[in-house]
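Subject: Structure for your files

Hello,

Here is the structure I said I would pass on. My notes on it follow below.

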Amino acid sequence: MAEDTLTRKEFAVKVIGKRALLAGGDRLDVMVERRVLQMASGSPFLVHSAFAFQTKMNVVFGMEYMSCGDFYQLLKRNGPLDIASARFYTAELVCGIQFLHSRGIIHRDLKPENILVAETGHIKITDYGLALENMHGDQTATGFAGTIGYMAPEILDMQEYNAGVDWFSLGVIINEMLTSSSTYDPALFDESSSGAKDIIEQLLQEDPVQRLGVHGDIREHPFFQGIDWVSVEALKMAPLQLSLIQGSVLLSCSEGFHFSTENPQQYTRSIISEQAAYLSFQKTMPRRPEHRMSNTIRDLQIDNYK
């Protein structure tokens with residue numbers, strides 16, 4: 001994590017090693033992730049970028065900091081949620097997913113670990129490393145991507161797929177909210193939770209053409225009875241009181257903000273050719289008088305992929 005020395009605003013930092021990206025053929029993926037992070041600023045339910053730049057060895061993303069951890073931790077602390085809580089969080093996820101889809105983006109890796117919780121109690125989707133662009137209308141894609149347990153059957157079967165894969169993942173997440181299990185068992189739902197049972201079954205529909213979200217308007221499902229979508233999108237719907245955890249205390253770093261532990265001399269001969277792959281990566285920084293980062297980091301908040 002990094003802190004702006006003038007405003008004291010905190011940012012989550014993701015550091016990605018260039019050599020690992022090139023070796024894995026993932027250079028284009030990081031460009032997609034950067035574009036989606038920029039586009040995400042249009043929705044309050046998506047984590048967006050605050051700045052981005054590159055060093056000789058790394059690509060660095062600075063993102064808004066979400067101080068209460070991820071949704072997986074929230075579910076682990078609070079156990080199965082009641083219907084009202086699940087309805088609230090599902091409504092916010094629907095808004096985020098629909099915003100992505102309206103821009104031709106499918107996430108492909110929706111799961112509780114990729115949903116972050118703000119200190120206000122609202123949630124935001126994050127981690128666009130597997131996202132696909134230009135998925136408009138009937139456009140389909142192929143490729144094995146996602147997390148087992150949350151992946152739609154068409155991905156597992158190596159078939160063509162579209163935005164319906166995100167709606168399947170949402171069905172698994174709702175089931176996990178209400179049962180603490182990613183495996184759907186209809187016996188766990190009684191008459192009082194019939195709306196929840198039905199929306200899960202419609203989202204887990206094996207036929208993607210008939211899956212809710214692709215087929216029909218998910219906002220009109222009875223599960224969302226009483227939801228004011230205008231209030232949800234404006235963040236005027238108050239989050240329910242659940243156990244949240246604030247971030248850990250900032251740790252002093254005497255050597256300043258570290259981008260990498262790599263030795264630049266080790267790669268002197270290959271550095272020029274490696275940089276050519278990232279010429280299109282443009283630097284953006286926070287809008288403030290000076291662009292200096294603090295000499296403090298929060299070790300646990302840095303994803304360092306080398």
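**The loop residue R108 and others like it**

R108 sits in the loop between α4 and β5 (115-117); helices (H or I, at least four residues) and strands (E, at least two) are DSSP runs, numbered from the N terminus. This is a predicted model, in which local features need pLDDT of at least 70 and side-chain atom pairs count only at pLDDT 80 or more, while totals for chains, interfaces and linings use all residues. Residues are numbered from 1 along each chain as its sequence is written, and side-chain values use heavy atoms, with hydrogens and water left out.

R108 is not a glycine, yet it has a positive phi of about 75°. Most residues other than glycine have a negative phi. R108 counts as buried because its relative accessibility is 12%; buried means under 20% relative accessible area, exposed over 50%, and partly exposed in between (1.4 Å probe, protein chains only).

M158, also a residue other than glycine, has a positive phi near 60°. M158 is in the loop between α5 (153-156) and α6. With 55% relative accessibility, M158 counts as exposed.

**Overall**

The protein has nine helices and nine strands. Of its 306 residues, 47% count as buried. Contact here means heavy atoms within 4.5 Å. Among contacts between residues at least 6 apart in sequence, 73% join residues at least 24 apart.

**Helix packing**

Two helix pairs involving α6 are described here.

The axes of α6 (residues 164-179) and α7 (residues 194-203) come within 8 Å and cross at roughly 150°. Axes are lines fitted to C-alpha atoms, for helices over the stretch in contact, and angles run from 0 to 180 degrees between N-to-C directions. α6 and α7 are therefore roughly antiparallel to each other; angles under 35 degrees count as roughly parallel, over 145 as roughly antiparallel, 65 to 115 as roughly perpendicular and the rest as oblique. The crossing of α6 and α7 is left-handed, a term used if the near helix is turned anticlockwise from the far one by less than a right angle, with right-handed used if clockwise. On the α6 side the contact is made by W167, F168, L170, G171, I174, N175 and L178, and on the α7 side by A196, I199, I200 and L203. By class, the contact of α6 with α7 has nine nonpolar residues, two polar and no charged ones. Ala, Val, Leu, Ile, Met, Phe, Trp, Tyr, Cys and Pro count as nonpolar, Asp, Glu, Lys and Arg as charged, and the others, Gly among them, as polar.

α4 and α6 have their axes 10 Å apart and pack at an angle of about 165°, so they are roughly antiparallel to each other. The crossing of α4 with α6 is right-handed. From α4 the contact takes I83, A86, Y89, T90, L93, V94, I97, Q98 and H101, and from α6 it takes D166, W167, L170, I173, I174, M177 and L178. The residues in the contact of α4 with α6 are 12 nonpolar, three polar and one charged.

**Nonpolar cores**

A nonpolar core is a set of buried Ala, Val, Leu, Ile, Met, Phe, Trp, Tyr and Cys residues joined through side-chain atoms within 4.5 Å. The largest one has 72 residues, of which F71, Y128, L170, M177, I199, I218 and F224 touch the most other members. Helix α4 (residues 83-102) gives the most to this core, with 10 residues. Apart from its neighbours within four places in sequence, F71 is in contact with L81, Y89, P112, I115, V117, I123 and M177. A second, separate core of seven residues includes A2, F11, F51 and F53.

**Other positions**

D127 lies in the loop between β6 (123-125) and α5 and is partly exposed, with a relative accessible area of 28%. Setting aside neighbours within four places in sequence, D127 is in contact with K14, E33, H107 and N114.

T183 is in the loop between α6 and α7 and is exposed, at 55% relative accessible area.

L21 belongs to helix α1 (residues 18-24) and is buried, with a relative accessible area of 9%.

Regards
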